[in-house]
Amino acid sequence: MGLGRGDSVTAESSGAAGTMRRVRTMSLSVARRTALAAQGFAEPRPSSAPTRRQLQRVLSRTKLLQLDSVNVAMRAHYAPLLSRLGPYDPALVDDAAWRDTARKPRLLVEAWAHEASLIPVQDWPLLMSGAKRPGWWRGYEPHADASPGLVDDVLAVVKERGPVGAGTIEKELTGGERRTPGSWWERSEVKKICEWLFGTGELTTGTRRGFERCYELTERVVPADVRQRRVDPADAARELIERSADALGVATDTDLRDYYRLGPATARTAVAEAVEAGTLEPVRVEGWRQQAYRHAAATAPRSVTGSALLCPFDPLIWERNRTERLFGFRYRIEIYVPAARREYGYYVFPFLCDGRLVGRVDLKADRSASVLRVPGAFAEPGVDQGRVAAELAVRLRETAGWLELDGVEVGERGDLVPALRRALSPRR
């Protein structure tokens, strides 16, 4: 790609021999537009109802969809598609992830990636190669080592009954009596074994009932040619770094390794190899202290228009330090902060408008009242609140409709509330 507006080139010494290489210096504006384009925000929304093709287009950008148990407004794995495609049928995701037919084979499988995520089926061997740092499930390995018979029993039940939830497996093995309370934080031995087997790749998710993971033998979900593909950990790390760079556009090595949660040493080696191969280009981004890298195929459009509400687990913003570097927008999720100490609210969505993060709203889907509640709405300093409110009102109405709610109700907290109420009021 040629230089973008706001780019310059300088010469730097590199290597033991003191050879000179040209290093691009990117303005923050160009870096921001590069990042937004990499995540799919520079592309127009579909003019008709989104299809599986549009789903695949978004996945080619984001690479994965993070899963999370919080369902205050919507499930995390559905939200990035709404942000990029507009209203779509959630069955697109469900069919791609948890239904497999001869006519439409499943596109996605669950695995530990950034966190628990839906990833393209073809990427499964990369995540199982040993390149990644083990997830928290590794703490359950002592339970598996101490109870090999229980491991065998769990696998036998899944083989016979799968897809099946951990509670059903436990009842099958204990004659209908639970061994422990087995809450989210106090898991039963069976659940621990299930999660360990999921983390190691022997089990995956066959389907979901509500949000319950129903375990299935991986051999019944991941095609044999994919499952049997063996990838050297170093090669897998390099491929994952290249996918991270493609999804981020321009990023530091910390950003790159965070996308798939690679270890620092593994990531540094993979980044160096990608630079040597020409996949990554070292760049300087104005205002960033760390070395940055631009993916060779990344582009920076002249402008990014449109607006979108961003779920807390959207890959554009999930690395909070990068969000602050790119947008000057400090963002923290406050779910675990006591209510009296929350600054913005329980489940806050940043608001993207014309390439900038211009505000944030606390959202809650109140299904009993059939309204999308906005307990708080806040504008960033210096923005045109009238314009922000007008754009935000459009997206809130759109989100409420997609959630099959009848309307939007705005609460009392935040400086954007008055303008947002006006924008949402019925036209006379």
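Tyr344 is buried, as is Phe378, where buried stands for under 20% relative accessible area, exposed for over 50% and partly exposed for what lies in between, with a 1.4 Å probe and protein chains only. This is a predicted model, in which local features need pLDDT of at least 70 and side-chain atom pairs count only at pLDDT 80 or more, while totals for chains, interfaces and linings use all residues. Residues are numbered from 1 along each chain as its sequence is written, and side-chain values use heavy atoms, with hydrogens and water left out.

**Aromatic pairs**

- The rings of Tyr344 and Phe378 have centres 4.9 Å apart and planes at 80 degrees, so they make an edge-to-face pair; rings of Phe, Tyr and Trp (its six-membered ring) pair if their centres lie within 6.5 Å, and planes under 30 degrees apart count as stacked, over 60 as edge-to-face and the rest as tilted.
- Because Tyr344 lies in the loop between H14 and S13 while Phe378 lies in strand S15, this pair ties together parts that are 34 residues apart in sequence; helices (H or I, at least four residues) and strands (E, at least two) are DSSP runs, numbered from the N terminus.
- The whole structure holds six aromatic pairs, among them the tilted pair of Tyr259 and Trp318, with 5.0 Å from centre to centre and 50 degrees between the planes.
- Tyr259 belongs to helix H12 (residues 253-260) and Trp318 to the loop between strand S12 (307-309) and helix H14 (320-327), so that this pair links distant parts of the chain, 59 residues apart.

**Nonpolar cores**

- The largest nonpolar core has 54 residues, of which Tyr347, Phe349 and Leu420 touch the most other members; such a core is a set of buried Ala, Val, Leu, Ile, Met, Phe, Trp, Tyr and Cys residues joined through side-chain atoms within 4.5 Å.
- Among the elements that give two or more residues to this core are helix H2 (52-62), strand S14 (356-366), strand S15 (371-379), helix H15 (385-402) and helix H16 (417-424), and H15 supplies the largest share, seven residues.
- Leaving aside neighbours within four places in sequence, Leu420 is in contact (heavy atoms within 4.5 Å) with Val374, Ala377, Ala389, Leu392, Ala393, Leu396 and Val410.
- Another core, of 33 residues, lies apart from it and includes Leu240, Tyr259, Leu262 and Trp318.

**Second largest pocket**

- The lining of the second largest pocket divides into eight nonpolar, three polar and five charged residues, where Ala, Val, Leu, Ile, Met, Phe, Trp, Tyr, Cys and Pro count as nonpolar, Asp, Glu, Lys and Arg as charged, and the others, Gly among them, as polar.
- H2 gives the most to this lining, with three residues.

**Backbone features**

- Most residues other than glycine have a negative phi, and most peptide bonds are trans.
- A cis peptide bond, with omega of about 0 degrees, joins Gly162 and Pro163, and Pro163 is found in the loop between helix H7 (148-161) and strand S6 (164-165).
- Ser370, in the loop between S14 and S15, has a positive phi near 55 degrees, and its relative accessibility is 16%, so Ser370 counts as buried.
- Glu404, in the loop between H15 and strand S16 (407-413), has a positive phi near 60 degrees, and its relative accessibility is 71%, so Glu404 counts as exposed.
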